[in-house]
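Before reading on, take a moment to look over the sequence and the model, and consider how one residue sits among its neighbours and how separate chains meet.

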4 protein chains.
Amino acid sequence: MNAIADVQSSPDQRNMPINRVGIKDLHLPLAVRSADGVQHTVARLTMTVYLPPEQKGTHMSRFVALMEGQTEPVDAPRLRTLTAEMVALLQSHAGRIEMRFPFFRTKSAPVSGIRSTLDYQVCLSGEIDAGSYCHTLEVLVPVTSLCPCSKEISQYGAHNQRSHVTVRIACNEQVDIEEVIDLVENQASCQLYGLLKRPDEKFVTEQAYDNPKFVEDMVRDIATALKADPRIGAFRVESENFESIHNHSAYAVIEYP
Amino acid sequence: MNAIADVQSSPDQRNMPINRVGIKDLHLPLAVRSADGVQHTVARLTMTVYLPPEQKGTHMSRFVALMEGQTEPVDAPRLRTLTAEMVALLQSHAGRIEMRFPFFRTKSAPVSGIRSTLDYQVCLSGEIDAGSYCHTLEVLVPVTSLCPCSKEISQYGAHNQRSHVTVRIACNEQVDIEEVIDLVENQASCQLYGLLKRPDEKFVTEQAYDNPKFVEDMVRDIATALKADPRIGAFRVESENFESIHNHSAYAVIEYP
Amino acid sequence: MNAIADVQSSPDQRNMPINRVGIKDLHLPLAVRSADGVQHTVARLTMTVYLPPEQKGTHMSRFVALMEGQTEPVDAPRLRTLTAEMVALLQSHAGRIEMRFPFFRTKSAPVSGIRSTLDYQVCLSGEIDAGSYCHTLEVLVPVTSLCPCSKEISQYGAHNQRSHVTVRIACNEQVDIEEVIDLVENQASCQLYGLLKRPDEKFVTEQAYDNPKFVEDMVRDIATALKADPRIGAFRVESENFESIHNHSAYAVIEYP
Amino acid sequence: MNAIADVQSSPDQRNMPINRVGIKDLHLPLAVRSADGVQHTVARLTMTVYLPPEQKGTHMSRFVALMEGQTEPVDAPRLRTLTAEMVALLQSHAGRIEMRFPFFRTKSAPVSGIRSTLDYQVCLSGEIDAGSYCHTLEVLVPVTSLCPCSKEISQYGAHNQRSHVTVRIACNEQVDIEEVIDLVENQASCQLYGLLKRPDEKFVTEQAYDNPKFVEDMVRDIATALKADPRIGAFRVESENFESIHNHSAYAVIEYP
């Protein structure tokens with residue numbers, strides 16, 4: 001096997017570093033550890049490192065090998081370790097791992113208390129750059145938004161719809177996925193549930209009507225709550241409302257700082 | 001160039017006909033002619049023919065060449081001609097062309113009359129099989145649905161959301177895309193608009209509240225209207241409601257006959 | 001709570017049965033049992049029943065409740081039980097459950113033997129109709145295809161690409177997901193791996209070149225193998241080749257009988 | 001109509017500016033002017049403005065009204081005007097318009113000269129921020145990549161695949177969409193065509209084999225060409241290779257400066 005040429009390791013003359021090179025959309029089962037315990041899900045991974053100008057190519061198979069050898073549930077400390085291992089394995093000094101996966105939570109309906117599962121889209125990323133490590137947590141939380149203008153100007157009813165609120169935070173201390181979900185769901189016109197009995201449906205209908213929010217209100221109220229948390233250094237909050245009266249979305253984003 | 005082998009034309013020994021073979025997802029600009037005139041859009045095309053057991057391969061480039069040579073606006077008669085030309089060109093006796101494209105209509109807001117554009121997804125298909133030709137028209141119409149149960153049990157408000165109603169019809173006589181859109185929009189809790197002034201928003205909010213429909217009502221009312229049209233031989237109507245209180249859809253389909 | 005109106009249970013006057021009504025795209029974690037054992041994945045579920053003309057609406061929450069109460073790993077017998085339970089719970093006589101999920105397999109590289117995971121898209125469906133039960137298994141297997149024409153006419157090289165082969169079978173007896181995967185991978189120009197060392201990469205490159213297949217060959221060879229299996233009553237095999245020399249796909253489908 | 005409350009215009013107390021608020025995924029037909037002339041396509045638009053802390057909401061309908069009133073073909077100067085008009089209309093001092101659309105070009109096959117159409121994904125964006133205007137052009141160019149390692153270590157053949165190269169440039173002077181396409185296609189292992197005759201297929205197969213490129217080579221060679229163009233102030237070049245031997249992508253990105 002030594003006789004097989006190693007093209008990637010040959011020198012490169014173009015004097016052009018590559019910011020990030022690696023693999024994208026590797027699909028793997030993944031155990032995730034969060035506040036509520038360990039859950040089994042499936043992830044799409046993007047793993048990249050910095051490539052210095054003098055090196056022709058990176059070693060793509062090492063990214064996959066690293067993940068194949070990893071069996072522990074992933075949480076923030078574990079991702080930090082994996083990112084450091086990847087950068088060392090690829091003989092680089094900078095790199096990033098992104099893990100995107102559906103995350104599930106059991107919720108209790110607001111009146112009947114009946115329990116059901118709701119799904120959220122999460123992206124964890126760990127990055128080493130210029131000698132320091134940064135952990136980012138992104139959560140897409142689906143909620144109900146109800147339009148204050150429609151409520152105000154109409155004799156009855158108000159248009160409402162499903163909205164996707166996406167919060168991304170860079171945190172030095174531990175912030176759990178569940179905490180971000182709670183924070184967003186508390187600021188929505190109403191939160192979603194997998195299973196609602198009729199008394200629950202009455203409750204969520206009236207709660208949304210009692211609690212109208214523009215897309216602007218949603219991102220402002222969530223941003224206010226995020227700013228109040230000393231563990232969160234920087235954040236981005238985005239809401240896309242799939243307007244029930246249009247075929248386009250209302251959209252807002254706040255980035256801080 | 002004659003010396004280049006024609007592998008596709010060699011005989012095949014497996015005794016296995018292929019129902020449909022050709023190309024998928026060819027992207028092209030397309031002019032479409034409908035009741036309101038000719039509009040420019042972009043299409044994704046799937047073009048296939050039956051391949052008899054004795055033939056090793058079809059001639060993929062001929063599908064593309066046929067479309068490259070076609071410059072007329074497409075309507076039902078033009079699609080019929082194209083389908084016949086394709087089947088002849090590929091030396092087959094059966095084949096199908098599917099053209100998927102966004103279709104745009106100018107609508108007037110219900111109170112202010114202000115005009116704006118709404119987009120619909122359309123699929124035209126022409127098929128020759130067993131000596132006869134079948135034209136199919138499929139239109140996805142986005143609408144508002146408002147839940148009768150939520151309205152009935154709640155003191156105020158009612159959950160509503162964007163819904164996708166997809167109607168597919170096989171028609172011997174001409175049925176225009178605009179007719180299908182009108183038929184669906186007339187049966188929804190309310191139709192969508194690109195642009196609404198405040199008096200319009202009040203109108204659509206109240207209209208949806210006055211006109212609640214389950215996903216079952218939507219498909220039944222549309223099916224009833226379709227059955228009443230003697231030009232329509234067979235149809236399929238499907239509604240997917242992106243529930244504003246859940247993270248899944250309510251869904252119903254009626255196929256006739 | 002008894003005072004809350006049950007709108008769905010009221011009678012309907014339109015005399016229009018609904019072929020399928022229920023929920024779509026419910027996301028849940030799912031344990032799947034197959035030949036290699038039990039694996040944890042995540043599923044998107046569509047669950048529908050027939051609704052008779054006299055009934056206004058189905059009971060959407062019962063679909064979700066059924067799945068929330070289900071904790072056993074899913075295999076063909078378990079899906080059959082679930083389908084029967086759903087139809088009984090919704091007081092219907094016909095219904096269908098579709099479960100779509102990524103399925104993972106550990107594979108050994110062809111020369112080094114190094115092990116890695118590959119992902120496949122699977123759809124299991126169980127349907128009760130007219131008193132009989134039908135189980136359907138659909139597997140999307142990603143493979144390499146290499147063009148025989150390109151190889152034949154070129155002095156060196158041959159264009160190749162990733163292809164998606166989708167096999168759907170209706171089976172009376174048990175056919176495992178792994179069996180369908182093996183059958184497809186054995187007929188491709190070459191199979192895919194998550195992790196390949198250089199000797200493996202040499203092997204798969206040469207194997208694909210030694211084993212060129214048109215999209216027509218792929219579906220014919222797979223159909224031939226499926227026809228030879230007495231457990232399989234009916235099937236559909238489809239291949240989409242994401243041509244590396246075009247921006248559209250080559251596509252073929254065989255349906256049997 | 002004057003009696004209808006204008007909720008959006010009421011003052012806001014949260015002291016929280018919104019970086020971008022507006023509409024997302026508005027679908028419209030669009031005429032685009034580029035080097036080869038004017039073409040008709042369809043666009044998805046995202047239009048946002050900065051909202052100061054004291055203002056409760058933006059006026060969503062004005063974004064749509066601006067585009068409904070716009071009939072001229074869009075090019076860089078026209079987008080600049082539209083962006084300025086939007087910011088003025090929404091009484092803001094900062095804002096961005098993004099227009100995503102398929103762009104079509106007629107190409108001649110390399111040997112036969114036969115002409116056909118190829119599609120590219122383009123995003124034009126115009127942004128006003130802190131008193132200055134920035135125009136960005138992004139083009140996704142699909143190409144063929146052929147692996148140098150696979151070629152080197154194998155006795156015959158080499159794995160190749162479709163790749164998506166995405167170039168985004170910020171330019172003070174006019175750079176045409178066609179120029180970016182040419183630049184990328186010239187650096188690929190081979191470019192794609194809608195229609196190839198057999199002599200053409202022989203040509204592209206051999207050209208790709210003669211011109212192997214890692215994902216690293218692709219982004220480096222394109223970045224080198226972009227750096228040499230004095231009109232381009234900053235750029236980002238990204239390549240995703242849909243590996244024909246794996247079920248994940250090889251991926252690289254260079255950002256400059």
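D:Glu98 touches D:Arg44, D:Leu45, D:Thr46, D:Cys123, D:Leu124 and D:Ser125, leaving aside residues up to four places away in sequence, where contact means heavy atoms within 4.5 Å. This residue belongs to strand S3 of chain D, residues 95–108, and strands here are DSSP runs of E with at least two residues, while helices are runs of H or I with at least four, both numbered from the N terminus. D:Glu98 is buried, with a relative accessible area of 19%, since buried means under 20%, exposed over 50% and partly exposed in between, using a 1.4 Å probe and protein chains only.

The model is predicted, so local features need pLDDT of at least 70 and side-chain atom pairs count only at pLDDT 80 or more, whereas totals for chains, interfaces and linings use all residues. Residues are numbered from 1 along each chain as its sequence is written, chains are lettered from A and ligands numbered from 1 in the order in which they are written, and side-chain values use heavy atoms, with hydrogens and water left out.

How do the chains meet? The table sets out two interfaces, in which buried area is the accessible area (1.4 Å probe) that two parts lose on being put together, summed over both, and a salt bridge is a side-chain nitrogen of Lys or Arg within 4 Å of a carboxyl oxygen of Asp or Glu.

| Interface | Buried area | Salt bridges |
|---|---|---|
| chain D and chain A | about 4200 Å² | 10 salt bridges |
| chain C and chain B | about 4200 Å² | 10 salt bridges |

Between chain D and chain A, carbon and sulfur atoms give 56% of the buried area. In chain D, the residues that lose the most area to chain A are D:Met16, D:Lys24 and D:Arg220, together 18% of what that side buries. One of the salt bridges joins D:Glu240 to A:Lys24, with the closest N and O atoms 3.2 Å apart. The residues on the side of chain D that touches chain A divide into 26 nonpolar, 11 polar and 16 charged, where Ala, Val, Leu, Ile, Met, Phe, Trp, Tyr, Cys and Pro count as nonpolar, Asp, Glu, Lys and Arg as charged, and the others, Gly among them, as polar.

For chain C and chain B, 53 residues of chain C are in contact with 53 residues of chain B, and the side chains of C:Lys24 and B:Glu240 meet in a salt bridge at 3.3 Å, N to O.
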